[in-house]
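Please read the points below alongside the sequence and the 3D view.

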Amino acid sequence: MARLYVLLFLAQIVLAVCALISCLSAEEGQIRALPRIAWVLIILFFPLVGSIAWFVAGREPSSGARKPWPTGGAADRRPRPLAPDDDPEFLRSVQERSQQEDQELFRRWEEDLRRREDDLRHRDGDPPREGDRPEV
């Protein structure tokens with residue numbers, strides 16, 4: 001029985017500490033009914049009742065507290081945004097962009113190779129014979 005009292009006492013202390021932290025960190029517009037100092041004194045002198053009173057009547061409910069619980073129906077669900085890794089359209093666009101970049105790179109390499117071959121032909125004066133070319 002003594003253990004139960006110790007456990008309840010610790011729970012009351014934890015609740016009072018949480019209420020004090022909440023009260024002291026609340027913005028001025030979030031505190032209702034009494035000034036902040038009055039709430040702090042109520043929580044300190046009557047830890048259990050004061051803490052419960054603070055959480056019930058002393059602070060403005062947050063914007064998330066006003067929303068009802070989701071029913072789990074399909075009508076309540078909005079499509080979640082997909083991560084880029086999971087979005088097939090994004091993956092397709094990345095693949096197309098990669099193919100375009102590869103084709104552009106390949107085209108530039110071919111142009112560079114043709115230019116170099118033309119430079120070699122003009123420098124030597126005559127075109128290289130077919131037999132002199134290395135096998136590919």
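1. Trp 39 and Trp 54 are both buried, where buried means under 20% relative accessible area, exposed over 50% and partly exposed in between, with a 1.4 Å probe and protein chains only. The model is predicted: local features need pLDDT of at least 70, side-chain atom pairs count only at pLDDT 80 or more, and totals for chains, interfaces and linings use all residues. Residues are numbered from 1 along each chain as its sequence is written, and side-chain values use heavy atoms, with hydrogens and water left out.

2. The count of aromatic pairs is one. Trp 39 and Trp 54 make up an edge-to-face pair, 5.6 Å centre to centre with 70 degrees between the planes. Rings of Phe, Tyr and Trp (its six-membered ring) pair if their centres lie within 6.5 Å; planes under 30 degrees apart count as stacked, over 60 as edge-to-face and the rest as tilted. The pair links distant parts of the chain, 15 residues apart, with Trp 39 in helix α2 and Trp 54 in helix α3. Helices (H or I, at least four residues) and strands (E, at least two) are DSSP runs numbered from the N terminus.

3. Helix α1 has 24 residues and spans 35 Å from first C-alpha to last, close to the expected 34 Å, which is 1.5 Å times one less than its number of residues. Its buried residues are Ala 16, Ala 19, Leu 20, Ser 22 and Cys 23. Their cover includes α2 (36–45) and α3 (47–58).

4. Ser 22 lies in α1 (residues 2–25). Ser 22 counts as buried because its relative accessibility is 15%. Leaving aside residues up to four places away in sequence, Ser 22 touches Trp 54, Phe 55 and Arg 59, contact meaning heavy atoms within 4.5 Å.
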